[in-house]
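Student: Please show me the model, and let us go through the terms used to describe it.

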Amino acid sequence: MPKPFYITTPIYYVNDKPHIGHAYTTISADMISRFHKLAGRDTFFLTGTDEHGNKVAEAAAKANLSEIEFCDKTVATFQNAWNNLTIENDYFIRTTSDRHKKAVWKILDAMREAKTDDGEDVVYSDYYEGLYCTGCEKFITEKELVDGLCPDHKVKPELLKEKNYFFRLTSFLPKIKELIESDELEILPEERKREVLGLIGQDLNDFSLSRERVKWGVPLSFDKSQVAYVWVDALSNYISAIGYGDDDESFKKWWTNGEVVHLMAKDILKFHCLFWPAMLLAAGEKLPKTLFLHGFFTVDGEKMSKSLGNMIDPNEVVENFGADGTRYLLLTQFPFGVDGDVQAKRFITQYNSDLANDLGNLVSRVVKMVLSNFDGKLPQPKKEIDGLEELLKATEEMPNAAYTHVKHFQLSKAIEEAMGLVKTTNKFFNDKAPWKLGKEGKFDEMGGILYACCEVIRIVSIVLSPIMPTKMREIRAIFNLDDSSLNLDQANTFFVLEPGITLNFNDSIFPRLSEKDLAKKEDTKSTEDDNLIDFDQFGKVELKVAEVLEAEKVEGADRLLKLQIAIGDDKRQIIAGVAEFYPPEKIKGMKIAVVANLKPAKIRGVESHGMLLAAKKGKKLTLMTVDGDIPSGAKIS
Ligand code: ME8
């Protein structure tokens with residue numbers, strides 16, 4: 001029996017929305033996890049969110065929300081994106097959960113009790129002074145700066161000095177080097193292994209485990225003036241999620257006795273390949289088996305960044321290509337582990353060529369021919385068909401070849417195996433030209449060809465189900481198959497489909513897409529988007545309480561009132577279309593809500609500086625008023 005398989009993605013920062021970089025890792029982990037499950041392996045797939053640290057606290061303050069309110073909101077955007085992409089994680093870890101905090105305390109305690117081989121305390125207290133970039137949540141060295149700025153965030157780091165607890169990383173490096181060199185701790189691809197070994201060769205320092213200045217974090221159990229360093233907090237998610245300090249049985253199963261694989265991109269190599277193993281060694285826990293660092297990709301030749309506005313929202317890709325189309329397109333952009341450039345404008349060509357033409361057409365042509373020539377009933381197989389033996393052989397080899405690629409993290413190669421077989425089958429179908437056989441009355445042979453093609457389609461639908469779960473379920477439904485026969489064993493057996501069963505086929509599985517279809521979707525979306533504003537935009541609107549000092553009708557305009565208002569000491573005139581509902585004597589003295597920072601404008605030639613707020617439906621209108629002791633000038637938020 002293989003060991004239980006435990007796979008993780010990084011936990012993503014919640015100070016931003018998910019983009020296709022996050023989606024890429026998550027879809028990849030989902031594919032690997034689903035593949036192992038397909039092979040009957042006990043598998044656990046974890047993803048989640050990294051919610052502590054200054055960056056999050058700052059973003060929350062900017063949005064006028066408490067930290068946890070802000071986190072709840074952005075965590076939901078990640079969870080929605082993963083739902084949209086049919087990600088099937090077994091658990092979603094949040095670093096703000098009690099379960100996680102308990103684990104952080106436990107690992108900190110374990111590290112605090114630990115001694116190095118030389119008998120020194122692994123954790124010690126000292127002062128740290130250095131340049132700190134809040135964008136990176138880390139101290140950075142002078143050497144790393146570009147023109148005095150953090151190269152990633154283009155901001156000047158702050159000089160900070162504070163008391164910290166330090167972790168004696170340097171004492172663990174020789175051991176870690178040995179483990180990586182011997183592949184006991186496997187760093188993949190090879191290039192990344194060399195990069196880590198190169199880092200160990202440089203002058204690395206101990207790192208600090210705690211922060212005095214950061215307030216939004218897990219407070220240390222032994223010193224409440226400090227919170228755990230956000231990376232110590234974050235890395236612990238990999239064990240908190242499966243029960244470290246909370247559920248020993250589960251922890252033992254997945255961590256101690258399992259095969260642990262962490263997926264990520266190379267941007268967070270140092271933390272995962274050095275800090276994390278060192279923390280685990282100190283705490284006396286087993287190390288993960290593999291850290292796989294996939295490629296980092298650019299979009300249209302540029303690094304993805306908020307400021308360039310080129311972050312691709314995975315939900316938008318799903319709107320155009322569906323969840324399965326998006327999963328397929330992302331997974332096949334480049335070999336897993338290699339950097340590349342994503343060019344979304346090429347997606348449509350690839351979608352049409354691979355999914356609509358190759359796979360979609362194979363299914364439609366074969367099934368439609370069964371419908372029109374065999375009354376929708378699956379014909380009898382026939383072994384003696386020229387060329388069938390080769391097709392059978394290719395089909396037989398495909399599922400295990402694909403699974404072997406998955407075990408070696410060669411995800412696009414695994415997909416190529418299945419899509420290669422689709423191409424071979426299309427060729428077989430074209431070469432055999434069963435439509436001609438029908439005309440010649442050779443239904444026996446025609447049926448045999450169609451049966452074989454249906455079997456290949458069934459097998460492909462199993463192997464591609466970790467990549468396109470929904471569409472493959474649709475394909476399987478044509479043959480009345482449900483998820484009970486969705487496993488690799490079934491993919492390794494030919495002649496499974498019962499001749500005579502009725503095929504159900506309504507529509508093509510991957511309808512061809514045109515640029516026009518996508519543009520239409522874009523149009524509807526942009527009108528929807530036009531109605532949405534973000535926090536920054538809303539934050540610019542100043543809503544205040546105003547008292548109406550005087551009111552009179554505007555001459556020649558029945559519906560308008562000219563109001564003299566006071567917003568605190570600021571006296572102004574505004575014109576409002578409320579005369580039908582509020583006669584001047586009624587509105588005078590009221591405390592109303594106004595937009596205070598509108599540029600002055602002329603309405604019917606009369607100056608108006610501000611706008612009042614009212615609720616209106618049909619022939620009813622009510623002013624937004626403020627009662628009680630709130631004075632005029634008070635801010636409304
Ligand atoms: O670093 N190409 O979170 P994060 C490929 N919270 N993958 C990309 C990518 C790109 N251009 N951009 C992002 C953090 N990714 C920490 C992790 S884990 C204990 C804490 C993916 O939101 C890739 O997996 O910045 C990368 O490692 C991760 O998102 C970084 O996510």
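Tutor: Angles under 35 degrees count as roughly parallel, over 145 as roughly antiparallel, 65 to 115 as roughly perpendicular and the rest as oblique. This is a predicted model, in which local features need pLDDT of at least 70 and side-chain atom pairs count only at pLDDT 80 or more, while totals for chains, interfaces and linings use all residues. Residues are numbered from 1 along each chain as its sequence is written, and side-chain values use heavy atoms, with hydrogens and water left out.

Student: Why are α5 and α10 called roughly perpendicular?

Tutor: The axes of α5 (residues 169-181) and α10 (residues 269-283) cross at roughly 105 degrees and come within 9 Å. Axes are lines fitted to C-alpha atoms, for helices over the stretch in contact, and angles run from 0 to 180 degrees between N-to-C directions. Helices (H or I, at least four residues) and strands (E, at least two) are DSSP runs, numbered from the N terminus. The crossing angle falls in the range 65 to 115, and therefore the two helices α5 and α10 are roughly perpendicular.

Student: What makes the meeting of α5 with α10 a contact?

Tutor: Contact means heavy atoms within 4.5 Å. On the α5 side the residues include Phe172, Ile176 and Leu179, and on the α10 side they include Leu274, Pro277 and Leu281. The residues of this contact of α5 with α10 divide into 13 nonpolar, no polar and one charged. Here Ala, Val, Leu, Ile, Met, Phe, Trp, Tyr, Cys and Pro count as nonpolar, Asp, Glu, Lys and Arg as charged, and the others, Gly among them, as polar.

Student: Which residues come nearest to the ligand?

Tutor: Ile11, Thr25, Asp50, Asp267 and Phe297 come nearest, out of 24 residues around the ligand. A residue is near a molecule if one of its heavy atoms lies within 4 Å of it. The shell around the ligand divides into 14 nonpolar, eight polar and two charged residues. β1 gives the most to that shell, with four residues.
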